[in-house]
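Please look at the sequence and the structure before reading on.

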Amino acid sequence: MGIKQRAIAEEDKEVRRGAILDAAESLFVQQPDRMASVSEVADAAGLAKGTVYLYFKSKEEMLLAVHERQTQLYFERFMAMMDRGPVDFDAILEITRARLLRQPGYLALTSWVFAKMDREMPLEAALAFKQRVGDTLARAGTALE
């Protein structure tokens, strides 16, 4: 059963984008040695191939968004823990293990993203990603201080 109606409201667009990322992530976890095509992701998300291209210019940008979403989840948990008060190394290590090391496909996807970043992704997409990650790291560093 697919998503058939056109997403017009921003909330609907975010749901659709999330469905695409969920499908791409699931396919990557199932076969981390190959990158699913846009058609395969569209089928898994119950969408038309053209709909995927409305959200992502390429399959590389789509997988970059999957990686960024996984990384953001880690930092959201990390920052929430920091907001609750002083933490020790073991607490940080546990979140890191849970969200980065044990997360299915995370390390393989990270490796893939950084191997392809400067060669196969549009420069503007790679730079925007690096800027967002840099901003997140700066906030995390400030919280640690």
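## Aromatic pairs

The count of aromatic pairs comes to 4, where the rings of Phe, Tyr and Trp (its six-membered ring) pair if their centres lie within 6.5 Å. Planes under 30 degrees apart count as stacked, those over 60 as edge-to-face and the rest as tilted. In the pair of Phe75 and Phe78, the ring centres are 6.3 Å apart and the planes stand at 80°, so this pair is edge-to-face. Both Phe75 and Phe78 belong to helix H4, where they are 3 residues apart, about one turn of the helix.

## Model and confidence

This is a predicted model, in which local features need a pLDDT of at least 70 and side-chain atom pairs count only at pLDDT 80 or more, while totals for chains, interfaces and linings use all residues. Residues are numbered from 1 along each chain as its sequence is written, and side-chain values use heavy atoms, with hydrogens and water left out.

The pLDDT, which is the predictor's confidence in each residue from 0 to 100, averages 90 over the protein chain, and 95% of the residues score at least 70.

## Overall build

The protein chain has 7 helices and 0 strands, these being DSSP runs numbered from the N terminus (H or I of at least four residues for helices, E of at least two for strands). The C-alpha trace of the protein chain spans about 50 × 35 × 30 Å along its principal axes.

## Helix H4 with H5

The axes of helix H4 (residues 59-83) and helix H5 (residues 89-101) come within 10 Å and cross at roughly 160°; axes are lines fitted to C-alpha atoms, for helices over the stretch in contact, and angles run from 0 to 180 degrees between N-to-C directions. H4 and H5 are therefore roughly antiparallel to each other, given that angles under 35 degrees count as roughly parallel, over 145 as roughly antiparallel, 65 to 115 as roughly perpendicular and the rest as oblique.

The contact (heavy atoms within 4.5 Å) is made by Gln70, Leu73, Tyr74, Arg77, Phe78 and Met81 of H4 and by Ala91, Ile92, Ile95, Thr96, Arg99 and Leu100 of H5. By class, the contact of H4 with H5 has 8 nonpolar, 2 polar and 2 charged residues, where Ala, Val, Leu, Ile, Met, Phe, Trp, Tyr, Cys and Pro count as nonpolar, Asp, Glu, Lys and Arg as charged, and the others, Gly among them, as polar.

H4 and H6 pack at an angle of about 135°, with their axes 10 Å apart, and that makes H4 oblique to H6. From H4, residues including Leu63, Leu64 and Val66 take part in the contact, and they meet a set in H6 that includes Trp112, Val113 and Phe114. The residues of this contact of H4 with H6 divide into 9 nonpolar, 4 polar and 2 charged.

The axes of H6 and helix H7 (residues 123-144) come within 9 Å and cross at roughly 135°, which makes H6 oblique to H7. Here Phe114, Met117 and Asp118 of H6 touch Ala126, Phe129 and Lys130 of H7, and the residues of the contact divide into 4 nonpolar, no polar and 2 charged.
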